[in-house]
Amino acid sequence: YSIKDTVRQTIGDLKIIYSDSIKRNASDVCIVLDSLEYYTLPEVQEILTSAETYSLFLPLRNDKADYQSAIMEANEDYLVEFLIGDENEVIADFKTDMKESFWKSKVKSAAMNYPKAAGVILKSNPGLSEFEDKVKDEFLKNNMKVYKDTVFTQFRGGEQIVNTLFESISTNASKEKRNLIYSVNLNLQDFKEFERKVYQLKKLGYRFYKFSDIMKKIETEKNKLKTDTK
């Protein structure tokens, strides 16, 4: 109908009805930055100034104490990673031939040095599940949350790593995978590209979480599912 004394005209009346039953084709995503110790400290410090939501692995090498300090001072959400191996695994943090008192002492030291870690990621060679369980239990006794490296969504990087990452996120979301956690090696240039392009996913409904927050959300969802099935 026309309104008197104006050329404005109403052509339709649109009513919006909210529905919480509609599914969105998007996932909740966590990006964990890996291998920061291979970049310069100024580059890492620039990444730490970003307003984007992400977590990172804390470099544990003794010669990277300045990296650890920068990350902790920035109050970033961080993880620590340890490798479990046999006596032949040179770079393993925990070896099957270690004295029990020694590896338990290493666990206690980690708990004391990294009390604010969002979690411990354990990587293990095949056939070491029994020893891995012992190490995991010891971390739990020291009030640290422990996760296997299988918590991460499988992902292969490449030259166009940001585009490949976004494609993986979209593909997994289309398969109705609601929570996606990626361990990604991004240099400063890659990270800046991620900052420029991530809004494209946010506009589609994707939400980005820190590792500690997405794990709390996943745990809440599991508990709710248990309650609903009782």
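Visitor: Why is Trp103 called buried?

Guide: The relative accessibility of Trp103 is 4%. Buried means under 20% relative accessible area, exposed over 50%, and partly exposed in between, with a 1.4 Å probe and protein chains only. Trp103 therefore counts as buried.

Visitor: What kind of model are these values computed from?

Guide: This is a predicted model, in which local features need pLDDT of at least 70 and side-chain atom pairs count only at pLDDT 80 or more, while totals for chains, interfaces and linings use all residues. Residues are numbered from 1 along each chain as its sequence is written, and side-chain values use heavy atoms, with hydrogens and water left out.

Visitor: How many aromatic pairs does the structure hold?

Guide: The structure holds 11 aromatic pairs. Rings of Phe, Tyr and Trp (its six-membered ring) pair if their centres lie within 6.5 Å; planes under 30 degrees apart count as stacked, over 60 as edge-to-face and the rest as tilted.

Visitor: What makes the pair of Trp103 and Phe131 edge-to-face?

Guide: The ring centres of Trp103 and Phe131 are 5.6 Å apart and the planes stand at 85°, so this pair is edge-to-face. The pair links distant parts of the chain, with Trp103 in helix 3 (residues 100–113) and Phe131 in helix 4 (residues 129–141), 28 residues apart. Helices (H or I, at least four residues) and strands (E, at least two) are DSSP runs, numbered from the N terminus. Phe131 has a relative accessible area of 11%, so Phe131 is buried.

Visitor: Why is the pair of Phe166 and Phe194 called tilted?

Guide: The planes of Phe166 and Phe194 are at 55° and their ring centres 6.0 Å apart, so the pair is tilted. Phe166 belongs to helix 5 and Phe194 to helix 6 (residues 188–203), and the pair links distant parts of the chain, 28 residues apart. Phe166, at 8% relative accessibility, counts as buried, and Phe194 is buried with a relative accessible area of 2%. Ring pairs join Tyr54, Phe166, Phe191, Phe194 and Phe208 into a cluster.

Visitor: What does Phe194 touch?

Guide: Not counting residues up to four places away in sequence, Phe194 touches Ile31, Glu52, Val162, Leu165, Phe166, Leu186 and Phe208. Contact means heavy atoms within 4.5 Å.

Visitor: What makes a set of residues a nonpolar core?

Guide: A nonpolar core is a set of buried Ala, Val, Leu, Ile, Met, Phe, Trp, Tyr and Cys residues joined through side-chain atoms within 4.5 Å. The largest one here has 52 residues, and those with the most contacts inside it are Phe139 and Phe194. The largest share of this core, six residues, comes from helix 5 (residues 161–174). A second, separate core of 14 residues includes Cys30, Val32, Ile214 and Ile218. In soluble globular proteins, nonpolar side chains tend to be buried together.

Visitor: Which residues of helix 2 are buried, and how do you know that they share a side?

Guide: In helix 2 (residues 65–73) the buried residues are Tyr67, Gln68, Ala70 and Ile71. They cover an arc of only 165° around the axis, which puts them on the same side of helix 2. The arc is that of the directions from the helix axis to the C-beta atoms. The buried residues of helix 2 pack against helix 1 (41–48), strand 2 (55–57) and strand 3 (78–85).

Visitor: Is Ser55 buried or exposed, and which side chain does Ser55 join in a polar contact?

Guide: Ser55, found in strand 2, has 0% relative accessibility and so counts as buried. Its side chain and that of Asp77 are joined by a polar contact of 2.6 Å. A polar contact is a pair of N or O atoms within 3.5 Å; within protein, one must be able to donate a hydrogen and the other to accept it, and residues adjacent in sequence count only if both atoms are side-chain atoms. The side chain of Ser55 also reaches the backbone nitrogen of Phe211 at 2.7 Å.

Visitor: Why is Asn143 called exposed?

Guide: Asn143 has a relative accessible area of 74%, so Asn143 is exposed. Asn143 lies in the loop between helix 4 and strand 6 (146–148), and its phi is near 60°, a positive value in a residue other than glycine. Most residues other than glycine have a negative phi.
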